[in-house]
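Here is a short tour to read with the sequence and the model side by side.

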Amino acid sequence: MVLALSLFVVMYIFLLRVKAERRWIVSLTAAVVFAVLGIIPVTKVPGAINWNVVLMLAGTMGVVELFIESNMPSLMAEKLLQVTPNTMWAVIALSVFSGVISAFVDNVATVLMVAPVGIAAAKKLKINPVPVIISIAVSSNLQGAATLVGDTTSILLGAYANMSFNDFFWFKGRFGIAWAVEIGAAMTIPVLMLLYRKEKQKVEVEITAVVTDYLPTFLMVGVVAALIIASQFENKPELTNGIICMIFAVVGTLLEMVIHKKKEIGRQVLKSIDYQTLLLLMGLFVVIQGITEAGVITAVAEWFVKVGGTNRFLMYTLLVFVSVVVSAFIDNIPYVATMLPVVQGIAALMNIEPYLFYYGLLIGATLGGNLTPVGASANITGIGILSKEGYEVKTKDFLRIGIPFTLAAVISGYIVNWLVWA
């Protein structure tokens, strides 16, 4: 167990220190070391990888690429801005729009969709686009946990706890995690109103986005609808959700190539898939299975129980706010992947169902990334877009929005989840 834990810690240190585009190398290297040393038998390596998660991510990325290229997100955002009375409500509308989109689309993809519209609107209104893009980024992080397909962490939870799309809304006779997240999102609107209370310029936005291809929009709606329908069936094959997402991505891409007579569309979709994230996750699945077999997960769960005792409220509070702090500095994907079996072990030791703790983990880990500029990929993406436009983003500029935004969302989600699931 000591060797497995030591290797895991070394892997995490490297994950924190290397550039994001090289983390997959660290993850896969660690997986190979675990297999070579026999911590996880080589024969168990393929089974350790959650292929349903991998296929869901790959398929969703492909469909999102087609959706972005169709210009539909930009058109939707511009039409939304037309009905806002002033700058303050324009920023709030863009932030809320970003949050709604991110409940069904990857957070980074959401920022890529909405940020250009936010910058264009800021330039027309002659205001600083930095706080606008920060608001869009943190809002996209917020609602990723609301649905099964909203964020990688949600996909991880759904796969680990065998939860369907509908289970995020209504589960075991109670409101699912989506409602705690949405109430948290609603509580951030007063925060944005306070931050932008002085921005009362009139908004005038022309419709510039043109949509001539509606197939990608139907694909996006189709993926969500198919996942909802599939969730109605019990004892379905383990790879069902992944296969659904891949079918929509492959068929949609082929149709687009035939309709537009462009082979480049296929290459563009293939290029859009974040292979590094997929490889990172594959390596992590193997490593986590290795430390599980070595007894590390059980030992960590026992430590949490020793600190939190048998008090459910204390344990729940500990999980939520430790997750907030940790995910402010550590990528929440490997953190959630690591902690899910720990949380299950804690619940087993306390002889209770794990869902209160599962949801607390997701609330803390998903929203905690908004505390810092590097706490979430969407934040890094937004800052990168601003940098390309020639705008400098200071840490204090981000914290001014990120801290109150995070506190409002986490505390309200934390309370609602406790009231429903305790």
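## Loops, a pocket and some rings

Asn351 sits in the loop that joins helix 17 to helix 18 (355-368). Please keep in mind that this is a predicted model. With a relative accessible area of 71%, Asn351 is exposed, because the cut-off for that class is over 50%. Its backbone is worth a look as well: the phi of Asn351 is near 60°, a positive value in a residue other than glycine.

Most residues other than glycine have a negative phi. Asn71 has a positive one too, near 75°. You will find Asn71 in the loop between helix 4 and helix 5 (72-82), and at 31% relative accessibility Asn71 counts as partly exposed.

How far apart are the end C-alpha atoms of helix 7? They are 26 Å apart, and this agrees with the 27 Å that the 19 residues of helix 7 (residues 107-125) should span at 1.5 Å a residue. Helix 7 also bends by about 35° at Val114, with a proline, Pro116, following within four residues.

Now turn to the second largest pocket, whose volume is about 850 Å³. The lining has 36 residues, and those closest to the pocket centre are Asn50, Gly158, Ala159, Tyr160 and Asn162. Several helices supply at least two lining residues each, among them helix 3 (45-48), helix 4 (51-69) and helix 12 (240-260). Which helix gives the most to this lining? Helix 9 does, with five residues. By type, the lining of the second largest pocket divides into 19 nonpolar, 13 polar and four charged residues.

Helix 17 (332-350) is another contributor of at least two residues to that lining. Ile333 has its place in helix 17 and is buried, since its relative accessible area of 11% is under 20%. Along the chain, Ile333 and Ser154 are 179 residues apart, yet their C-alpha atoms are separated by 9.7 Å.

The aromatic rings come next: the structure holds 14 aromatic pairs. Two of them are set out here.

| Pair | Ring centres | Angle between planes | Type |
|---|---|---|---|
| Phe313 and Trp418 | 5.1 Å | 75° | edge-to-face |
| Phe321 and Tyr414 | 5.1 Å | 65° | edge-to-face |

Why does the pair of Phe321 and Tyr414 count as edge-to-face? Its planes stand at 65°, and the class takes in planes over 60 degrees apart, so the pair belongs there. This pair links distant parts of the chain, with Phe321 in helix 16 and Tyr414 in helix 20, 93 residues apart. Phe313 lies in helix 16 (residues 312-327) and Trp418 in helix 20 (residues 395-421), so their pair ties together parts that are 105 residues apart in sequence.

Phe321 is partly exposed at 30%, Phe313 is partly exposed at 40%, and Trp418 is partly exposed with a relative accessible area of 22%.

To finish, look for one aromatic cluster formed by Tyr160, Phe171, Tyr355, Tyr358, Tyr359 and Trp421.

Conventions
Residues are numbered from 1 along each chain as its sequence is written. This is a predicted model: local features need pLDDT of at least 70, side-chain atom pairs count only at pLDDT 80 or more; totals for chains, interfaces and linings use all residues. Side-chain values use heavy atoms; hydrogens and water are left out. The expected span of a helix is 1.5 Å times one less than its number of residues. The bend at a residue is the angle between axes fitted to the seven residues ending there and the seven starting there. On a 1 Å grid over the protein atoms alone, a cavity is a set of points where a 1.4 Å probe fits but cannot get out, and a pocket is an open set with protein on both sides within 12 Å along at least five of seven lines; lining residues have an atom within 4 Å of a point. Grid points are joined across faces, edges and corners, and a volume is the space filled by probe spheres set on the points. Ala, Val, Leu, Ile, Met, Phe, Trp, Tyr, Cys and Pro count as nonpolar, Asp, Glu, Lys and Arg as charged, and the others, Gly among them, as polar. Rings of Phe, Tyr and Trp (its six-membered ring) pair if their centres lie within 6.5 Å; planes under 30 degrees apart count as stacked, over 60 as edge-to-face and the rest as tilted. Buried means under 20% relative accessible area, exposed over 50%, partly exposed in between (1.4 Å probe, protein chains only).
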